[in-house]
Amino acid sequence: MKTKFTLPLAAIILLLLSYNHAIAQTASPRATVEPEAYDFGDIEGDSTVTAYFLIKNAGTDTLHILSARASCGCTAVLPDKRKLAPGETSSLKVSFNPKGKSGKQLKYVYLETDDPLNKRLKITIHANITSN
């Protein structure tokens with residue numbers, strides 16, 4: 001008697017799990033950032049420079065920005081919003097202070113999100129410090 005019900009029960013459970021997985025995949029946030037890289041060009045060593053980036057939720061569920069940080073203390077990161085509805089965009093302010101640095105600089109900004117396919121966004125910042 002147990003074997004009669006085991007196969008149909010297993011098939012039903014598998015079908016329900018597949019359905020739940022498909023629903024989870026269709027309703028999820030999708031994080032994008034533009035541009036992915038920015039070059040400040042030649043800057044003087046005593047002037048802080050700022051660039052703005054566009055964060056977009058291209059998904060079908062709310063996107064949460066869990067953290068925003070830079071690879072160096074000389075770079076400040078400030079997201080305008082930490083929660084974006086589907087289709088919503090927001091700005092990300094990135095300021096670079098070159099004090100005490102010289103020559104070519106390469107810095108990174110990292111955004112941690114709850115996008116299941118792109119949990120970590122990376123932005124590359126370039127600058128060339130001409131004088132202090």
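Visitor: What should I know before I start?

Guide: This is a predicted model, in which local features need pLDDT of at least 70 and side-chain atom pairs count only at pLDDT 80 or more, while totals for chains, interfaces and linings use all residues. Residues are numbered from 1 along each chain as its sequence is written, and side-chain values use heavy atoms, with hydrogens and water left out.

Visitor: Which strands form the open sheet, and in what order?

Guide: Two strands pair if DSSP finds at least two bridges between them. In this model, four strands make an open sheet with antiparallel pairing, ordered E1-E3-E7-E5. E1 and strand E5 (75-79) are the edge strands, each pairing on one side only. From one strand to the next, the twist averages 25 degrees; axes are lines fitted to C-alpha atoms, for helices over the stretch in contact, and angles run from 0 to 180 degrees between N-to-C directions.

Visitor: What does the pairing of E1 with E3 look like?

Guide: Four bridges join E1 to strand E3 (residues 49-57) in the antiparallel sense. If you want a place to look, threonine 32 stands opposite lysine 56 in E3.

Visitor: Let's turn to side chains. How many salt bridges are there?

Guide: The rule asks for a side-chain nitrogen of Lys or Arg within 4 Å of a carboxyl oxygen of Asp or Glu. The count is three salt bridges. One of them pairs aspartate 115 with arginine 30, with the closest N and O atoms 3.4 Å apart. Aspartate 115 sits in the loop between strand E8 (103-113) and strand E9 (120-131), and arginine 30 in the loop between helix H1 (2-26) and strand E1 (31-34), so this pair ties together parts 85 residues apart in sequence.

Visitor: How many disulfides does the structure hold?

Guide: A disulfide needs a pair of cysteine sulfur atoms within 2.5 Å. The structure has zero disulfides. As for individual cysteines, cysteine 72 is buried at 17% relative accessibility, and cysteine 74 is buried at 12%.

Visitor: What about the chain as a whole?

Guide: Of its 132 residues, 32% count as buried. The chain exposes about 8,300 Å², with carbon and sulfur atoms supplying 57% of that area; accessible areas come from the Shrake-Rupley method with a 1.4 Å probe, and for residues only the protein chains shown count as cover. Finally, a contact means heavy atoms within 4.5 Å. Among contacts between residues at least 6 apart in sequence, 64% join residues at least 24 apart.

Conventions. Helices (H or I, at least four residues) and strands (E, at least two) are DSSP runs, numbered from the N terminus. Buried means under 20% relative accessible area, exposed over 50%, partly exposed in between (1.4 Å probe, protein chains only).
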